[in-house]
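User: I have just opened this structure and have not looked at it before. Could you walk me through a few of its contacts?

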Amino acid sequence: MESSEEQKRIIQDKNNIVVTARPGSGKTYTIVEKIQLILEELYNYQGIIAISFTNKASEELRKRCSSRGLLLNKSFFGTIDKFCFSEIIAPFCSHLSDRTQELKIKKYKKTDGLENLDKKNDDEIRKIIEEYLRQDIVFLELLGETALYILERVPDATRYLCAKYKEIFIDEYQDCDRSQNAIFLYLVNQGIKGMAVGDSHQAIYGFTKKNSVYLEQLTKDPNFVHYNLSVNCNNNLNTF
């Protein structure tokens with residue numbers, strides 16, 4: 001399979017990059033090619049973070065990478081919620097409490113005092129996180145905020161992620177919310193290279209009031225190189 005010139009530039013660029021790509025432009029093929037190139041240069045204890053917004057999309061990306069014969073046991077493939085919980089919250093929340101915790105993920109109810117969550121300020125959110133962490137509870141709706149809370153207070157969490165992972169990929173970036181965007185930028189600012197891919201014309205979670213504002217901000221961020229991916233020379237080869 002031959003990459004287009006657009007794809008080659010994206011694959012070979014070692015900067016932080018943001019790619020705006022329409023359906024059929026070969027974005028998954030490009031991501032897989034870039035992951036392969038990166039993994040070939042890493043030590044055997046290092047990997048990458050590959051985040052998709054659905055389990056189905058994540059599994060498809062893993063299969064595509066696995067079919068190349070890539071060793072993926074040190075890499076993370078999954079949703080942003082799974083990453084926040086399994087790589088940050090679960091292993092490091094005990095550093096705050098100084099005790100072993102068996103956390104439970106819970107969907108909030110009105111009785112939890114979390115109605116109008118999007119209207120609460122940062123201090124109110126932090127108090128909710130602190131209160132329920134003491135009860136070994138993490139709210140599904142606050143996984144991103146809880147992960148940020150821990151990253152900002154537990155230096156070992158950041159050191160662990162930076163030692164283990166060398167690049168973070170997030171597909172469908174137009175569906176990122178504020179906390180998810182903040183986690184991505186936090187990790188990039190700590191030295192993990194970042195690649196965000198999205199289409200501002202598509203938002204699969206539009207009903208949750210997410211929109212493409214964070215993708216659009218990245219395209220103007222001087223710390224990121226912006227690419228438009230428009231041509232897929234492998235269209236007939238089922239490389240989407």
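**Contacts, a strand and some rings**

Analyst: Let me begin with a charged pair: Asp199 forms a salt bridge with Arg22, and their closest N and O atoms lie 3.7 Å apart. Please keep in mind that this is a predicted model.

User: Where do Asp199 and Arg22 lie along the chain?

Analyst: Asp199 lies in the loop between β7 (193-198) and α10 (213-219), while Arg22 is in the loop between β1 (17-21) and α2 (27-39), so the pair ties together parts that are 177 residues apart in sequence.

User: And is Asp199 buried or exposed?

Analyst: Asp199 is buried, because its relative accessible area is 5% and the cut-off for buried is under 20%.

User: How many salt bridges does a search of the whole structure find?

Analyst: The search finds 14 salt bridges. One of them links Lys8 with Glu2, where the closest N and O atoms are 2.9 Å apart. Lys8 is partly exposed at a relative accessible area of 26%, and Glu2 likewise counts as partly exposed, with 49% relative accessibility.

User: What about Arg153, which residue does it form a salt bridge with?

Analyst: Arg153 forms a salt bridge with Glu152, and the closest N and O atoms of the two are 3.6 Å apart. Arg153 counts as partly exposed at 34% relative accessibility, whereas Glu152, at 53%, counts as exposed.

User: Let's switch to the strands. How many residues of β1 are buried?

Analyst: Five of the five residues of β1 are buried, so this strand is largely enclosed by the rest of the structure. Both of its faces are covered, with Ile17, Val19 and Ala21 buried on one side and Val18 and Thr20 buried on the other.

User: How does β1 pair with β7, and which residue stands opposite Ile17?

Analyst: β1 pairs with β7 in the parallel sense, over four bridges, and Ile17 stands opposite Met195 of β7.

User: And how many bridges are there between β1 and β8?

Analyst: There are five bridges between β1 and strand β8 (residues 225-229), and this pairing is again in the parallel sense. Within β8, Leu229 is the bridge partner of Ala21.

User: New topic, then: how many aromatic pairs does the structure hold?

Analyst: The structure holds six aromatic pairs. In one of them, the rings of Tyr43 and Tyr45 have centres 5.7 Å apart and planes at 5 degrees, so the pair is stacked. Tyr43 counts as exposed at 57% relative accessibility, while Tyr45 counts as partly exposed at 47%.

User: Why is the pair of Tyr132 and Phe139 edge-to-face?

Analyst: The pair is edge-to-face because the ring planes of Tyr132 and Phe139 stand at 70 degrees, and planes over 60 degrees apart count as edge-to-face. The centres of these two rings are 4.6 Å apart, and both Tyr132 and Phe139 are buried.

User: Last one: which residues form one aromatic cluster?

Analyst: Tyr173, Phe184 and Phe224 form one aromatic cluster.

Technical notes:
Residues are numbered from 1 along each chain as its sequence is written. This is a predicted model: local features need pLDDT of at least 70, side-chain atom pairs count only at pLDDT 80 or more; totals for chains, interfaces and linings use all residues. Side-chain values use heavy atoms; hydrogens and water are left out. A salt bridge is a side-chain nitrogen of Lys or Arg within 4 Å of a carboxyl oxygen of Asp or Glu. Buried means under 20% relative accessible area, exposed over 50%, partly exposed in between (1.4 Å probe, protein chains only). Helices (H or I, at least four residues) and strands (E, at least two) are DSSP runs, numbered from the N terminus. Two strands pair if DSSP finds at least two bridges between them. Rings of Phe, Tyr and Trp (its six-membered ring) pair if their centres lie within 6.5 Å; planes under 30 degrees apart count as stacked, over 60 as edge-to-face and the rest as tilted.
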